[in-house]
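Subject: Structure handover

Hello,

Here is the structure we talked about. Please open it and follow along with the notes below.

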Amino acid sequence: MTLDELIVTRRSIRQYKGQKVEKEKLEELIKAAIWAPTAGNLQLLHFLVVQDDKALGKIKLFAPGMPKSAPCAIVICADLEEAEARGGTLIRKNAPVDAAFAAQNILLKAHELGLGTCAVKSYNERSVGQILKLPGEVAALIIITVGYYENPPKAPARRSLSEVTHYDGWEGETEANEQG
């Protein structure tokens, strides 16, 4: 599949088969994630793979947006204290952006591998951190569920380029987008 095909056909999967994801595929996802850009190239992210049914069940209690049938989750974390020590407040504030870049790489790589994913941000960070025994200032920045699925959902409609693109300021020309 080309990159354009991956981008256009990837969907958030909320219903998974019970099948476990192979360690090799999970490692491929994390390899893709570590190549995402990071502020100052400090590479402060960590990836916590959760496959234990008991741990997943506990996390799901505090993550209303997490698909209940997810057999696996990758929790993207960063030590915010280390981020600030190594790069100041700006790097600390950029940790969620770094996590988002890494998450997108995981989402696309998983789709290429025939795996479904769902990025989840609706969870109680403190509770998830306690369940996962995250040390100190390590924060769970985003959870990505991963697993095999049967039927992908249909693509939702997208807004046109002319509705979302502005040139040289908010009031800039938008019709130019439709011309070419």
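A polar contact is a pair of N or O atoms within 3.5 Å; within protein, one must be able to donate a hydrogen and the other to accept it, and residues adjacent in sequence count only if both atoms are side-chain atoms. This is a predicted model: local features need pLDDT of at least 70, side-chain atom pairs count only at pLDDT 80 or more, and totals for chains, interfaces and linings use all residues. Residues are numbered from 1 along each chain as its sequence is written, and side-chain values use heavy atoms, with hydrogens and water left out.

Start with Asp-98. It sits in helix α4 (residues 80-112). Helices (H or I, at least four residues) and strands (E, at least two) are DSSP runs, numbered from the N terminus. A polar atom of the Asp-98 side chain lies 3.0 Å from the backbone nitrogen of Ala-39. Beyond its neighbours within four places in sequence, Asp-98 is in contact (heavy atoms within 4.5 Å) with Pro-37, Thr-38, Ala-39 and Leu-45.

Now look at α2 (23-33). Leu-26, Leu-29, Ile-30, Ala-32 and Ala-33 are buried there. Buried means under 20% relative accessible area, exposed over 50%, partly exposed in between (1.4 Å probe, protein chains only). What covers these buried residues includes β1, β2 (72-79), α4 and β4 (138-147). On the other side of α2, Glu-24 and Lys-31 are exposed.

Last, Ile-34. It lies in the loop between α2 and β1 (45-50). Ile-34 is partly exposed, at 48% relative accessible area.

Best wishes
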